[in-house]
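Dear colleague,

Please find the structure below. My notes on its content follow.

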Amino acid sequence: PDSVRRIECEGFGGDVDKAIEKYFSHFKINAEDAEIPVELLQHPLTLRIFCEVTNPKREYEVKIENFPASLTPLFEKYIANACQRISEMANLSYSFNTAEVESAIYKLGLELWKDYQREISEASYRTAVSDTNRPWTSSIVNLLAQEGIIFRNPGDEPGQYVITPTYDALGGYIVANSLLAKHYSDLTFQWLKKPETIDAF
């Protein structure tokens with residue numbers, strides 16, 4: 001029987017400093033004397049997201065004096081930039097505003113949480129966000145995939161698809177952010193103490 005070769009890559013390994021230098025050069029990021037958080041940026045996707053968030057258009061050099069201490073502000077800005085770009089897209093049969101895209105990502109987090117899975121049915125998600133009647137070019141699933149928020153992969157049966165966040169940590173952020181938004185008025189986090197919530201975690 002044919003076998004599939006599997007390659008595991010632990011980030012940039014010993015080449016992380018060189019990789020950061022090359023990414024910063026490409027994205028015109030000048031870290032000057034700032035202490036670069038190598039441990040945070042050693043994952044290729046994290047480094048890419050950091051660079052895209054810091055200087056997405058690469059029109060001029062950006063100087064960095066401080067780096068974020070965690071992924072949270074990176075993901076927040078990464079998603080905000082994607083929402084903005086989608087809202088500015090021309091020639092769509094349906095034009096989204098920023099709030100609609102934010103709502104679609106909010107519902108993505110809730111659907112992932114509801115199913116306790118890393119991936120969800122594309123069909124059920126499109127129904128949840130009222131996306132079923134839009135042509136594919138204007139589908140929020142297509143647009144989120146183009147913006148690097150989700151992957152769209154074949155499902156278990158022909159013609160069926162599943163969607164998953166492009167990066168596990170990004171998916172975790174989306175789920176957490178959606179849950180916090182859903183329970184924003186619960187200042188004592190009673191929802192977090194419920195047995196079903198604890199079991200879900």
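Which residues in α4 meet which residues in α8? Thr72, Phe75, Glu76, Tyr78 and Ile79 in α4 meet Ala169, Leu170, Tyr173 and Ile174 in α8, contact meaning heavy atoms within 4.5 Å. These residues divide into seven nonpolar, one polar and one charged (Ala, Val, Leu, Ile, Met, Phe, Trp, Tyr, Cys and Pro count as nonpolar; Asp, Glu, Lys and Arg as charged; the others, Gly among them, as polar).

This is a predicted model, in which local features need pLDDT of at least 70 and side-chain atom pairs count only at pLDDT 80 or more, while totals for chains, interfaces and linings use all residues. Residues are numbered from 1 along each chain as its sequence is written, and side-chain values use heavy atoms, with hydrogens and water left out.

The axes (lines fitted to C-alpha atoms, for helices over the stretch in contact, with angles from 0 to 180 degrees between N-to-C directions) of α4 (residues 72–87) and α8 (residues 168–182) come within 10 Å and cross at roughly 80°. The two helices are therefore roughly perpendicular to each other (65 to 115 degrees).

The protein chain has ten helices and five strands, which are DSSP runs numbered from the N terminus (helices: H or I, at least four residues; strands: E, at least two). Of its 201 residues, 37% count as buried, that is, under 20% relative accessible area with a 1.4 Å probe, protein chains only.

In the largest nonpolar core, which has 50 residues, Phe24, Tyr125 and Leu144 touch the most other members; such a core is a set of buried Ala, Val, Leu, Ile, Met, Phe, Trp, Tyr and Cys residues joined through side-chain atoms within 4.5 Å.

Yours sincerely

Methods. Parallel < 35°, antiparallel > 145°, perpendicular 65-115°, else oblique.
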